[in-house]
Amino acid sequence: MTTSLSFDPVRLSPQCEALRTEVRAFLAQEISAGTFEPHHPGYSESYDRDFSRRVGAKGWIGMTWPKQYGGHERSQLERYVVTEEFRVANAPANFHFVADRQSGPILLKYAPEHIKKDILPRICRGELCFAIGMSEPGSGSDLFAAKTKATKVDGGWHINGSKIWTTSAHIANYMLALFRTSPPTKENRRHGLTQFLVNMKTQGITVNPIYQMTGKPGFNEVVFVDTFLPDDHVIGEIDGAWKQATSELAYERSGPERFLDTFYVLPELVRTLGPEPDLRGAEGLGQLVAQLHTLRRMSVSVAGMLQAGKEPVVEGSIVKDLGTVWEQKLPARVRELAALLKPELLNHTALEDQLAHATTIAPKLTIQGGTTEILRGIIARGLGLR
Amino acid sequence: MLDQKDHIVAETAARIFADLADPQTINREKNGAWKESLWQTLDDAKLPLAWVPERLGGSGASLAEGFAILGVAGRFALAVPLAETLASGWLLASAGLEAPAAAMTVAPARPHERITMSADGRLNGRVSAIPFAQDCAHIAVLADNGKRQQIALVDVKDCRLTEGHNLAGDSVNTVTFDCVKPKRIAPATDGFDTTSLLLMGAVIRGVETAGALEAILSLSVAYANERVAFERPIGKFQAVQQNLARLAGEVAAALAVSGSAADAIAQAESFDEGVFLEGASAKVRTAEAAREGAAIAHQVFGAIGFTQEHMLHRFTLRMLSWRDDFGNESYWAVELGKRISSRGANEFWPLMASR
């Protein structure tokens, strides 16, 4: 009579906590050297090649990957600690983060050996930025409606079409993209897409920036005109990318970045409320802390399952659903709780600045990396409803 | 984390509940006769005194095993004082007191309520909303003698009880101690206070709530797959699927936070800051999950779920009542907020990350 949902109380080992101390010391050093400012959330969205190289030198990119590819064979939980400390500090990890979280693990699993030998060590050294080429002008959440075409030519493929909303494409060295190699079949509409590794320097690629509502670049349109990709840049099975897409979801969806994107407003609220908050402030803060603690314990639990070799797709989707809805509401809740405080209090201006930032980025949180509606569909499937 | 042994104890409990406390079956019973044979069987299996060491009359199970029993009890919306007897046994044993055989409950069960002990060891005070007091033979009491906390075992017959029930119809009584002489007294261990007792109670209710939510999710999914409307099972409609996915999220949150808090208590040597964060969070978040989860489940079931005849209310009303026991979610949110504030902004993340 019970469901199969499982969230064991996984604890971080002393080894993880030692690593945390090391990470905090590194970040403190970077902060005092002026690399970034922890109270300026904008830094977490910036690309800092030099910082990423120093992170790579510490061994904190590709942490869980095999040593033969430049990895460090550490645990998912150790990676978890690094990710959350970076996120909480607003460290500028954008240059390497997607490669570390997502692109690297896909290459590790499906790329030809010589590609792995070439690319993965460079990711680990913090030298490579990756973009993900999924959405197209006519297909976003409906991934398998992608039309950008890969046509077989001698020795490789010609790509024609465009990707859109592609984060980091203006900076990225490589993109992992889905292209159509065959039409879908009657039995399987997901058939016919193939994953490719795209060197962004390849001739026939144009990247057009699209400014976001925050006033900053971030999105891009990437146009392919007869772009040639060699045969060995096919990643995994031709026409069978759909088989590769789903197992990666738990990694992509359950990490601390799925509920910490607006975290900075919370300690700022604590600062504004002061050591003796009124009842309204105390209750509101306590609720938020309880919710955050819950999300974090869920996320650590999923990291533990990944470490144990499980594929907690439903649990991971639940973490992203609850986590992104929470981090989206967080600035609104904090705004309410601070609304009646006297403006001359402590750090009111700092809080307002941070709220302005968090409020403008909030709408994207429940869209990127799988919308709330898509996630709930996946959860419903896991419950046996579809 | 649950090991094999915890599962064995929990499976024993599940078998007994399935045989003697099946929610659908007892929902049809007009009297409480089933309770007697259930309790007898639980007693034979030494479950009520699981948290009492053998030398004090119990079965000496671990805290983790006991919490596993309570998770299962929640899945059956158990309406006998098993959780309360477990908690009472644990409280008595913490002071080295032997536990009697019959059902017990524990007092105080709400914040800001106090029982005092006079110099000659007599108890005075009035405490409200003591779960199942009228159904129990004894009450395990945490009292204050002005110098330190004392733990005492009291015969219910020596107290004055006011009749009362919670939303689910389980008895909940105001208990008055008027110069009551306890059967046993011992000083509490250093640092043990009302907050410790309330935290333990809060986590117990959190674990039970998570169990009830698990059952509610299974029932709701099964119903959505079987009930046909507009020529297909309602579970095929996206609107219903999205609601059930949200319910799964609430179940997951409740399981994770209560499981973590139970583990924290099982591992900790004292009720420190970390246990406070975990316990308070468990009560706040499971109460939220109970509220959201009950609303979604009733929405899925429609009118049939609102009938006496259907067992859904056994879970939803009980879980909604549990929100009030051992400090409601507002109390714990305020207390947690105060603690976080007094530590200051710079100490906030280090505390979160330490769990």
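Student: Where does B:K46 sit?
Tutor: In this predicted model, B:K46 is in the loop that runs between α3 (33-44) and α4 of chain B.

Student: And what's its phi like?
Tutor: Positive, at about 60°, although B:K46 is not a glycine.

Student: Which residue in chain A has a positive phi without being a glycine?
Tutor: A:D239 does, with phi at about 70°. You'll find A:D239 in the loop between β8 (234-235) and α6 (241-245) of chain A. A:D239 is partly exposed because 18 C-beta neighbours fall inside 10 Å.

Student: Okay, zooming out. How is chain B divided into domains?
Tutor: Domain 1 covers 1-78, domain 2 covers 104-191 and domain 3 covers 194-353.

Student: How many residues of domains 1 and 3 of chain B are in contact?
Tutor: On the domain 1 side there are 15 residues, and they meet 17 residues of domain 3 of chain B. α2 (23-28) and α4 (63-75) of chain B are the elements giving two or more residues to that domain 1 side. The largest share, nine residues, is from α4(B).

Student: Now chain A. What are its domains?
Tutor: Domain 1 is 14-128, domain 2 is 132-240 and domain 3 is 254-383. The centres of domains 1 and 3 of chain A, again over C-alpha atoms, are separated by 23 Å. Between those two domains of chain A, 13 residues of domain 1 are in contact with 15 of domain 3.

Student: Which helix gives the most to the domain 1 side there?
Tutor: Helix α3 (residues 76-88) of chain A, with seven residues. In that side of domain 1 of chain A, four residues are nonpolar, six polar and three charged.

Student: On to the two chains together. How many residues are in contact between chain B and chain A?
Tutor: 49 residues of chain B are in contact with 48 residues of chain A. Several helices of chain B each supply at least two residues to its side, among them α6 (194-226), α8 (273-301) and α10 (329-343). α7(B) gives the most, with 16 residues.

Student: And how does chain B's side split by class?
Tutor: It has 27 nonpolar, 14 polar and eight charged residues on the side that touches chain A.

Student: At what angle do α9(A) and α7(B) pack?
Tutor: About 90°, with the axes of helix α9 (residues 279-307) of chain A and α7(B) 9 Å apart. The two helices are therefore roughly perpendicular to each other.

Student: Which residues meet there?
Tutor: From α9(A), A:H293, A:T294, A:R297, A:M298 and A:S301; from α7(B), B:A252, B:A253, B:A256, B:V257 and B:S260. The residues of that contact come out as five nonpolar, four polar and one charged.

Student: Changing topic: is A:P331 buried or exposed?
Tutor: Buried, because A:P331 has 23 other C-beta atoms within 10 Å. A:P331 is in helix α10 (residues 313-338) of chain A. Leaving aside neighbours within four places in sequence, A:P331 contacts A:T262, A:V265, A:L355, A:A358, A:T359 and A:A362.

Student: Last one: what does B:L167 touch?
Tutor: B:L317, B:L320 and B:S321, not counting residues up to four places away in sequence. B:L167 and B:S321 are 154 residues apart along the chain, yet their C-alpha atoms are separated by 5.8 Å. B:L167 lies in the loop between β6 (160-162) and β7 (172-180) of chain B.

Student: How confident is the predictor overall?
Tutor: The model scores ipTM 0.97 and pTM 0.97. Chain B averages a pLDDT of 96, and 98% of the residues score at least 70.

Note on methods
Residues are numbered from 1 along each chain as its sequence is written. Chains are lettered from A and ligands numbered from 1 in the order in which they are written. This is a predicted model: local features need pLDDT of at least 70, side-chain atom pairs count only at pLDDT 80 or more; totals for chains, interfaces and linings use all residues. Helices (H or I, at least four residues) and strands (E, at least two) are DSSP runs, numbered from the N terminus. Two residues are in contact if their C-beta atoms, placed from the backbone, lie within 7 Å. Domain bounds come from an automatic or database domain assignment. Ala, Val, Leu, Ile, Met, Phe, Trp, Tyr, Cys and Pro count as nonpolar, Asp, Glu, Lys and Arg as charged, and the others, Gly among them, as polar. pLDDT is the predictor's confidence in each residue, from 0 to 100. Axes are lines fitted to C-alpha atoms, for helices over the stretch in contact, and angles run from 0 to 180 degrees between N-to-C directions. Angles under 35 degrees count as roughly parallel, over 145 as roughly antiparallel, 65 to 115 as roughly perpendicular and the rest as oblique. A residue is buried if 20 or more other C-beta atoms lie within 10 Å of its own, exposed if 12 or fewer, and partly exposed in between; C-beta atoms are placed from the backbone.
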